[in-house]
2 protein chains.
Amino acid sequence: MQLRRADVLAGAIAILDEYGLGDLTMRRLATSLGVQPGALYWHFPNKQTLLAAITDEMLGAVSAPLVDAQWDARLEVLAHRIRDALLAHRDGAELASASYAARLATNDARATLVEVGTDAGLPTDEAEFAADTLLFYILGQTMDEQSRMQMDSHGALTEEASPLYDTTSGTARFEYGLGLFVDGVRSRLTESSSRPG
Amino acid sequence: MQLRRADVLAGAIAILDEYGLGDLTMRRLATSLGVQPGALYWHFPNKQTLLAAITDEMLGAVSAPLVDAQWDARLEVLAHRIRDALLAHRDGAELASASYAARLATNDARATLVEVGTDAGLPTDEAEFAADTLLFYILGQTMDEQSRMQMDSHGALTEEASPLYDTTSGTARFEYGLGLFVDGVRSRLTESSSRPG
């Protein structure tokens, strides 16, 4: 029976969710699919392209059509979609960070962020910088949340450091940071609209 | 000869800089210091506390006295100090992110950020959230920069994805993001000062 690309991808995501990014190797994936490692390379020339494909799959729904709303509301929806998508898979933020660093993932999520930024009135180069700022913030915060969940489940946190004792939720923390970012963008727009033409 | 804590720390940092975080194991460290692994545990009960100590050492200079300037200028100096400190060691951002997630590092850098935030006029809870936002952004962006440097030095990036071909420097990107963050904080201050008392 022929091994389809979608099967490889689904098998890889299953290993990721069950064992984590550190245990996702081409060899292990081949074993779990009952094929020789060579069969995987027909679909993915190396592990990096496989990881990028998982990232694309994971973030695919982020770019779904947005409601027709002001740029700031759209930006907030997008940011929450990205965070939720990363949290939905074990080590999701670490994986996306690595794929993004390799510039291999399709990265429609970033393109959508840039689009909302230019719609808001930012020049393209600033919209690109702003999209990266937001992405790096989301990755940094989500990686912290996921590391803490993993450490806690392995008993690697002291009792007082456990997420169970956090006085505020990751979501509340995230909403504050996202609000700061949106206010920062807004202040740039006010600046340029009040600049003498 | 007695093994001092400072020697263990220096040995660990040497391995980190030469081989990276993935190769920094207690066994390897013991071998490089010419001692039995047990000798290390006398100073550091486990690897996590060792990593936290390296993080403290790495970020120690961040909290050095700041010039007497407005809060926004002080925040910018602090943010640059943190980024520079992380960039000074291989995998510095990944290491700091893990130690921060474990809540084991002393984290004077975060405390200094919170202090500047409250000096600016933010309520303590907001200053804490704002400090986390900035830290997560710095960690996310610096991790991207360091991953890309590592991948490139291993020939793991395609030529067009190489940092050599980046049209803007990491520093320019960072200064834009930092500026957005500072503007976001400033807008919060304006809001609360114009709020009816």
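Student: At roughly what angle do the axes of helix H4 (residues 47–59) of chain B and helix H6 (residues 92–102) of chain B cross?

Tutor: This is a predicted model, in which local features need pLDDT of at least 70, side-chain atom pairs count only at pLDDT 80 or more, and totals for chains, interfaces and linings use all residues. Residues are numbered from 1 along each chain as its sequence is written, while chains are lettered from A and ligands numbered from 1 in the order in which they are written. Helices are DSSP runs of H or I with at least four residues, and an axis is a line fitted to C-alpha atoms over the stretch in contact, with angles from 0 to 180 degrees between N-to-C directions. The axes of H4(B) and H6(B) come within 9 Å, and they cross at roughly 120°.

Student: Which word describes how H4(B) lies to H6(B)?

Tutor: Angles under 35 degrees count as roughly parallel, over 145 as roughly antiparallel, 65 to 115 as roughly perpendicular, and the rest as oblique. With the axes crossing at roughly 120°, H4(B) is therefore, relative to H6(B), oblique.

Student: Which helix gives the most to the side of chain A that touches chain B?

Tutor: Chains A and B each bring 34 residues to their contact. On the side of chain A, the elements that give two or more residues are helix H6 (92–101), helix H8 (124–153) and helix H9 (170–193). With 14 residues, the one that gives the most is H8(A).

Student: How far apart are the C-alpha centres of domain 1 of chain A and domain 2 of chain A?

Tutor: An automatic or database domain assignment divides chain A into domain 1 (5–45) and domain 2 (60–193). Five residues of domain 1 are in contact with five of domain 2. The distance between the C-alpha centres of these two domains is 28 Å.

Terms used
Contact = placed C-beta atoms within 7 Å.
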